[in-house]
Amino acid sequence: MAFPELFAAAAEPAKPKPRPHHAGHRERLRERARKAGMPALPDYELLEFFLFRSQPQGDVKPLAKALLTRFGSLGAVLDASLEDLISVRAEDTKGRTKVIGKETALDLMALHELARRVTGEVAAPRKIIGSFAALVDYVRVTLQHQPREQFRVLFLDRKNQLLADEVMGRGTVDHAPAYPREVIRRAMELHASAVILVHNHPSGDPTPSQADIDMTRQIIDAGKLLKIDVHDHLIVGRQGIKGAATDQRVVSMKAIGAI
């Protein structure tokens with residue numbers, strides 16, 4: 001007895017499932033990086049490359065693009081807090097929600113800390129003070145993308161070598177408390193002969209406010225009594241001074257005559 005339905009089934013093999021659009025994307029991206037080098041990759045693909053390690057499966061391109069859209073730049077992504085990072089959501093081509101997750105957020109934060117420390121090594125002890133450009137690079141990496149105002153002090157010895165870089169105040173989006181007596185007290189504890197003051201303006205414009213100038217002068221006056229010099233006060237922004245001919249994202253208050 002014949003069973004036509006069996007022969008029909010045998011004659012029509014099941015069609016293979018279509019491969020997802022991102023299948024092979026990771027290897028294609030790696031191959032392009034091998035041939036052209038990492039500098040050839042746009043920001044979102046460079047971010048993808050890192051996310052491959054944190055999320056070994058699935059399409060991470062939507063997340064990479066969502067991170068850049070949310071924070072605006074690679075630097076801002078790496079400088080974001082864990083809470084802000086894990087709030088990022090994206091949808092893949094099938095409408096499924098992709099999330100960063102705490103593990104991936106910690107990986108991104110670790111990458112930022114790695115970059116900060118490498119920059120610190122390049123610009124550390126003698127070089128950080130011996131070269132203004134190296135000092136500017138150091139403070140930009142440390143503060144440029146901070147979402148809230150932060151006041152830091154670089155403590156120096158008699159040879160202008162860096163003894164310590166410490167946060168002396170954290171604040172809101174437009175104010176960080178700085179107490180002259182605390183700065184000088186800490187300088188005495190470290191046996192520092194001089195300090196460089198640094199803080200950021202999350203608004204983006206590093207132009208010093210009158211409050212910045214007044215506070216700096218108070219620290220200068222307090223330091224004079226104990227022979228502790230204030231070499232400079234640097235203000236870090238993201239956009240540069242409004243109307244400036246050059247892109248001044250780190251402003252020296254001494255250089256512009258504010259102190």
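Asn160 is partly exposed, at a relative accessible area of 27%. By partly exposed I mean between two cut-offs: buried is under 20% relative accessible area and exposed is over 50%, with a 1.4 Å probe and protein chains only as cover. Asn160 sits in the loop between strand 3 and strand 4. Its phi is positive, about 65°, although Asn160 is not a glycine.

Before I go on, some housekeeping. This is a predicted model, in which local features need pLDDT of at least 70 and side-chain atom pairs count only at pLDDT 80 or more, while totals for chains, interfaces and linings use all residues. Residues are numbered from 1 along each chain as its sequence is written, and side-chain values use heavy atoms, with hydrogens and water left out. Helices (H or I, at least four residues) and strands (E, at least two) are DSSP runs, numbered from the N terminus.

Back to that loop. What do strand 3 and strand 4 form? They form a hairpin, with 5 residues between them and Asn160 in the turn. Strand 4 covers residues 162-170, and its pairing with strand 3 is antiparallel, over 7 bridges. Two strands count as paired if DSSP finds at least two bridges between them. Val153 stands opposite Glu166 in strand 4.

Strand 3 has another partner. Strand 5, residues 194-200, runs antiparallel to strand 3 and is joined to it by 6 bridges. On this side, Leu154 stands opposite Ile196.

Why is strand 3 described as largely enclosed by the rest of the structure? Because 7 of the 7 residues in strand 3, residues 150-156, are buried. In a regular strand the side chains alternate between the two faces of the sheet. In strand 3, one side has Gln150, Arg152, Leu154 and Leu156, the other has Phe151, Val153 and Phe155, and all are buried.

Now the helices. Helix 11 runs over residues 210-225, which is 16 residues, and reaches 24 Å from its first C-alpha to its last, close to the 22 Å expected. The expected span is 1.5 Å times one less than the number of residues. Asp212, Ile213, Met215, Thr216, Ile219 and Gly223 are buried in helix 11. Seen down the helix axis, these buried residues fall within an arc of 165°, so they line one face of helix 11. The arc is taken from the directions from the helix axis to the C-beta atoms. On the other side, Ala211, Lys224 and Leu225 are exposed.

Leu225 also belongs to a nonpolar surface patch with Met188 and Leu226, and together they have about 340 Å² of accessible area. Patch residues have over 30% relative accessible area and no salt bridge; like charges are joined within 9 Å, and nonpolar side chains (Val, Leu, Ile, Met, Phe, Trp, Tyr) within 5 Å. A salt bridge is a side-chain nitrogen of Lys or Arg within 4 Å of a carboxyl oxygen of Asp or Glu. Areas come from the Shrake-Rupley method with a 1.4 Å probe; for residues, only the protein chains shown count as cover. Met188 lies in helix 10, residues 180-189, and is partly exposed at 45%.

Lys227 is in the loop between helix 11 and strand 6. Its phi is positive, about 60°, although Lys227 is not a glycine. Is Lys227 buried or exposed? Lys227 counts as exposed, at 74% relative accessibility.

Last, Arg26 in helix 2. Arg26 is buried, with a relative accessible area of 14%. Arg26 and Gly58 are 32 residues apart in sequence and 9.8 Å apart in space, C-alpha to C-alpha.
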